[in-house]
Amino acid sequence: MLKGGLVSIEAAIASLKPMERKVAQYILEHPQEVVRLSVQKLAELANVSEATIVRLSRSLHCKGFQDLKMRIAGDLSQSSLPTEAYQEINTDGSIGELIKSVTNNNIVSIQDTLTVLSPESVEKAIQTLSAARKIGVFGIGASGVIAEDFKQKLTRINCWCEIGTGFDAQATIAANLLPGDVVFGISYSGQTEDMIRSLAVAKKNGASVITLTRFGSNPVAELADIQLFISTLEKSIRSGAMASRIAQLNVIDILYVGIAGCHYEESVKSLEMTRQAVKVGKRNG
């Protein structure tokens, strides 16, 4: 069953245009009513045009209003499941409460991401990365940690990969990319100026651009040939930095396993060779 309509709206609402945000807010306040409405009736009740509702559906990466309604209906049918909402991290509580809160937020972040992560886009990303001559992985700050993880995984299966965690490195890598190469840009906010400039250079040179950002419209995703999204809806900056990292790492693991599967025999051989190569540096290796 399709789902993720309400999660998509909550994740994207801050980046929507004013009239789209108006109808999005109406949907969040009346979800059970909306799934029974026509586009004409919803436009009347929300005091917007029918075209606004169509644009909102497209902004949420839905095929149309009917697709959005089906996803909302899927959300409502799952509302009875024992999934907790995001919890504010309370450092004054017990250690048991701290463990439960942080773990719950990470789990919910991954679950919410499943509703906005397109299987079609994931498949395209895996095929594009698997066929690439060279891969540039870009991330700045906290996203740089995710980029380092992806680079390490790709290196283990003998993918030619370079990493840029600052503008100078990213721009240098991007300037040397060619058609058939891929740049993978990781930016939770999708607003990082250095990332935008670097991806633009890579795109100008003919490289394919894949991005991993938070769900919604943002400048980084708009540069992409393939857009991948995560969703983290918690309000706290502290918990946001943690949960978004877990969601990003989960997507990286999905891509890594998919890429390795495209060249299974070669990947297994490379993994064993690299394991043996580093074994000598480990005690009782």
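Two strands pair if DSSP finds at least two bridges between them. Strands (E, at least two residues) and helices (H or I, at least four) are DSSP runs, numbered from the N terminus. This is a predicted model: local features need pLDDT of at least 70, side-chain atom pairs count only at pLDDT 80 or more, and totals for chains, interfaces and linings use all residues. Residues are numbered from 1 along each chain as its sequence is written, and side-chain values use heavy atoms, with hydrogens and water left out.

**View 1. An open sheet of 5 strands, paired in parallel.** The strand order is S2-S1-S3-S4-S5. Strand S2 (161-164) and S5 stand at the edges; each has a single partner strand, so one side of each lacks a neighbour in the sheet. On average, neighbouring strands are turned by 15° against each other, direction ignored. Such angles run from 0 to 180 degrees between N-to-C directions, with axes as lines fitted to C-alpha atoms.

**View 2. Pairing of S3 and S4.** These two strands run parallel over 5 bridges. Opposite Val-182 stands Ser-208 in S4.

**View 3. The largest nonpolar core, with 30 residues.** A nonpolar core is a set of buried Ala, Val, Leu, Ile, Met, Phe, Trp, Tyr and Cys residues joined through side-chain atoms within 4.5 Å. Buried means under 20% relative accessible area, exposed over 50%, and partly exposed in between (1.4 Å probe, protein chains only). Phe-150, Phe-184, Leu-228 and Leu-255 have the most contacts inside this core. Among the elements that give two or more residues to the core are helix H8 (119-131), strand S3 (182-186) and helix H13 (237-262). H13 supplies the largest share, 7 residues.

View 4. Surroundings of Phe-184. Contact means heavy atoms within 4.5 Å. Asp-225 in the loop between helix H12 (219-222) and S5. Asp-225 is partly exposed, with a relative accessible area of 47%. The side chain of Asp-225 reaches the backbone nitrogen of Val-209 at 2.8 Å. That side chain also makes a polar contact with the side chain of Lys-203 (3.1 Å). A polar contact is a pair of N or O atoms within 3.5 Å; within protein, one must be able to donate a hydrogen and the other to accept it, and residues adjacent in sequence count only if both atoms are side-chain atoms. Asp-225 and Ala-207 lie 18 residues apart in sequence and 9.6 Å apart in space, C-alpha to C-alpha.

Conventions. Lists of a residue's contacts leave out its neighbours within four places in sequence.
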